[in-house]
Amino acid sequence: MTEETPELQRLSEKLNISLLLIQKVLSVIEKTNTNELSSADIALHLDITIRSSNRILNELESKGVAELIYKKHEKLRGRPKKFYKINFHQGES
């Protein structure tokens, strides 16, 4: 799992996001080997509901560290799957 570092601590304070949440999202990025994630990816790897992972992604987007990159239609019906590009380094500037 991701180590607690002074950089992560500063980022947590600057963005007003819990350090634990940042570490959890970083661990999902590490496991999936990509920073382009959907709410389903986060839900699967953190063993939480899709609704909870949507809240996480919405919070990260509002803080400027997650960007909606595309919506993917897997089927013709239903809502498209949103993918977010997560970059905590954007929040450091």
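Okay, overall size: for 93 residues, a compact globule would have a radius of gyration near 12 Å, and the protein chain comes out at 13 Å, which agrees. That radius is taken over C-alpha atoms, and the globule rule is 2.2 Å times the number of residues to the power 0.38. Along its principal axes, the C-alpha trace spans about 45 × 25 × 20 Å.

Before I go on, this is a predicted model, with pLDDT of at least 70 needed for local features and 80 or more for side-chain atom pairs, while totals for chains, interfaces and linings use all residues. Numbering runs from 1 along each chain as its sequence is written, and side-chain values use heavy atoms, leaving out hydrogens and water.

The chain has 4 helices and 3 strands, in the order α-α-β-α-α-β-β. Those are DSSP runs, numbered from the N terminus: helices are H or I with at least four residues, strands are E with at least two.

Now the helix pairs. H1 (residues 6-15) packs on H2 (residues 19-32) at about 120 degrees, axes 9 Å apart. Axes here are lines fitted to C-alpha atoms, for helices over the stretch in contact, and angles run from 0 to 180 degrees between N-to-C directions. Who meets whom? From H1 we have Leu8, Gln9, Leu11 and Ser12, against Leu19, Ile22, Gln23 and Leu26 of H2, with contact meaning heavy atoms within 4.5 Å. By class, that's 5 nonpolar, 3 polar and no charged residues. For the classes, Ala, Val, Leu, Ile, Met, Phe, Trp, Tyr, Cys and Pro are nonpolar, Asp, Glu, Lys and Arg are charged, and the others, Gly among them, are polar.

On to H3 and H4: their axes come within 8 Å and cross at roughly 115 degrees. Ser39, Ala40, Ile42 and Ala43 of H3 meet Ile50, Ser53, Asn54, Ile56 and Leu57 of H4. The class count there is 6 nonpolar, 3 polar and no charged residues.

Next, the largest pocket, holding about 180 Å³ of space. A pocket is an open set of points on a 1 Å grid over the protein atoms alone, where a 1.4 Å probe fits, with protein on both sides within 12 Å along at least five of seven lines; lining residues have an atom within 4 Å of a point. The volume is the space filled by probe spheres set on the points, which are joined across faces, edges and corners. H3 (39-46), H4 (50-62) and strand S3 (81-86) each supply at least two lining residues, and H4 has the largest share, with 4. The lining includes Ser39, Asn54, Lys82 and Tyr84.

Last stop, lysine 71, in strand S2 (residues 66-72). Leaving aside residues up to four places away in sequence, lysine 71 touches Pro80, Lys81 and Lys82. Its C-alpha is 4.4 Å from that of lysine 82, 11 residues apart along the chain.
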